[in-house]
Amino acid sequence: MTFPLSASALRRRTFLGAGLAAALPLAAHAQAYPSRPVTLVVPFPAGGSVDLIARLYADPLAKALGAPVVIDNRGGAGGSIASAQVARAKPDGYTLVVSSQSSHLANPLTQANPGYDPIKDFASISQLARSINVLLVNPAVPAKNFKEFVALLKARPGELNFCSAGPGSMGQLNVELMKSQLQLNATHVPYRGGGPLVTALISNEVQFGLDNLAPFLPHIQAGKLRALAVAAPARVAALPDVPTFAELGYPVLNTTSWIGLAAPAKTPGEVIATLHKAVRSVADQPSMVEALESRGSLTPEPQSPAQFTAMMSERLALYGEMVKRAGIRGE
């Protein structure tokens, strides 16, 4: 037997039903990611290697996500200022940082207070690209190969100068790691950026360096610089006679530099998963593979976010010990 509802009960049921109906579209909207533009913060000025990779990904990533992707260049303090800003941004997946070994490895290890922890304050998403590193000398250096180069440094400790793009930069850290592995002695001469660095090497103002291949490749091919070894999974097609560090017996030195994508910590796991899937779909496209290789870069390793974070942690530990021993300080 049923009883008719009172007028107040009917009003209450109608109100609850209307509220539930109104809430459903809102809940569905909140779950739809992305529903507005996604900003990729590049913590360096336009025109550099990190900015270049970010712009390569912007359009195809927008298509994969179904939402606009905007590049926002915010230079300063070697990438620390913008990285710290993203670390404090709302963790909703709409503000991301294009990370690199400069901003997420060198700075935290060499700067007194960069304003962020590269592991605790970020959620790793994916690598975007890997950069080949090259050990190269001015042709006036009397060393035709890596073995002769090591012998020369041991015979003339502290006499040869090496260059970097600044105190605490990856160019310095790469050479310092090599010095520690082979017990070598050389003098660091920092420059402000890649342009002056290349000029200094060509003019023999400094004798060698160990940094990203891309800006040096044309000068190597023109005979203005001599490549002795590369840090890469295999020999570089453009430099077929130059061995990898692994071939030479130094696998620790055979690591490529990475450029990646990270979100603020506590970004929802489903958002990270969506971004990771989108990045991987773009990275595997033949057009992206060709674009990266034409710019002296390699396709990213197919790492999960957890694997990407673990790789970063391993490198922080490796370089961190060396930075402490050498007393390296950034600007």
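Entry 1: I noted at the start that the model is predicted. I traced six strands forming an open sheet in the order β2-β1-β3-β10-β4-β11, with mixed pairing. Its edge strands are β2 (69-73) and β11 (297-298), each of which pairs on one side only. I then looked at β1 (residues 38-42), which pairs with β2 in the parallel sense over five bridges. In that pairing I found T39 opposite V70 of β2.

**Entry 2: helices on the sheet.** Helix α3 (residues 80-87) does, touching β1, β3, β4 (122-131) and β10 (257-264). The direction of α3 makes about 140° with that of β3. Helix α4 (residues 101-110) also packs on the sheet, with β3, β4 and β10 as its contacts. For α4 the angle with the direction of β3 is about 65°.

**Entry 3: S100.** I picked S100, which lies in strand β3 (residues 95-100). Is S100 buried or exposed? Its relative accessibility is 4%, and the cut-off for buried is under 20%, so S100 counts as buried. Leaving out residues up to four places away in sequence, I listed F44, V50, L105, W258 and I259 as touching S100.

**Entry 4: strand β5.** I checked β5 (residues 133-137) for burial. Five of its five residues are buried, so the strand is largely enclosed by the rest of the structure. In a regular strand the side chains alternate between the two faces of the sheet. In β5, N133, L135 and V137 point one way, while V134 and L136 point the other way. I then looked up its partners. β5 is joined to β8 (residues 208-212) by five bridges, and the two run antiparallel; L136 stands opposite G209 there. With β9 (residues 226-231), β5 pairs in the antiparallel sense, again over five bridges, and L135 faces A229.

**Entry 5: D211.** I followed β8 to D211, which sits in that strand. Setting aside neighbours within four places in sequence, I found D211 in contact with I132, N133, V134, G171, N174, L197 and F216.

**Entry 6: helix α7.** Just after α7, N204 has a positive phi of about 65°.

**Entry 7: helix α10.** Last, I looked at α10 (residues 286-294). Its buried residues are M288, A291 and L292. Their arc around the axis is only 95°, so they lie on the same side of α10. An α-helix has 3.6 residues a turn, so residues three or four places apart point the same way. On the other side of α10 I found P286, E290, E293 and S294 exposed. The buried residues of α10 pack against α2 (49-65), β4, α9 (269-283) and β11. After α10 comes G296, with a positive phi near 75°.

Technical notes: Residues numbered from 1 in each chain as written. Predicted model: local features only at pLDDT ≥ 70, side-chain atom pairs only at ≥ 80, totals over all residues. Heavy atoms only, no water. Buried < 20%, exposed > 50% of the residue type's maximum accessible area, 1.4 Å probe, protein only. Helix = DSSP H or I, 4+ residues; strand = E, 2+ residues; numbered from the N terminus. Pairing = 2+ DSSP bridges. Contact = heavy atoms within 4.5 Å. Axes fitted to C-alpha atoms, helices over the stretch in contact; angles between N-to-C directions. Arc of directions from axis to C-beta.
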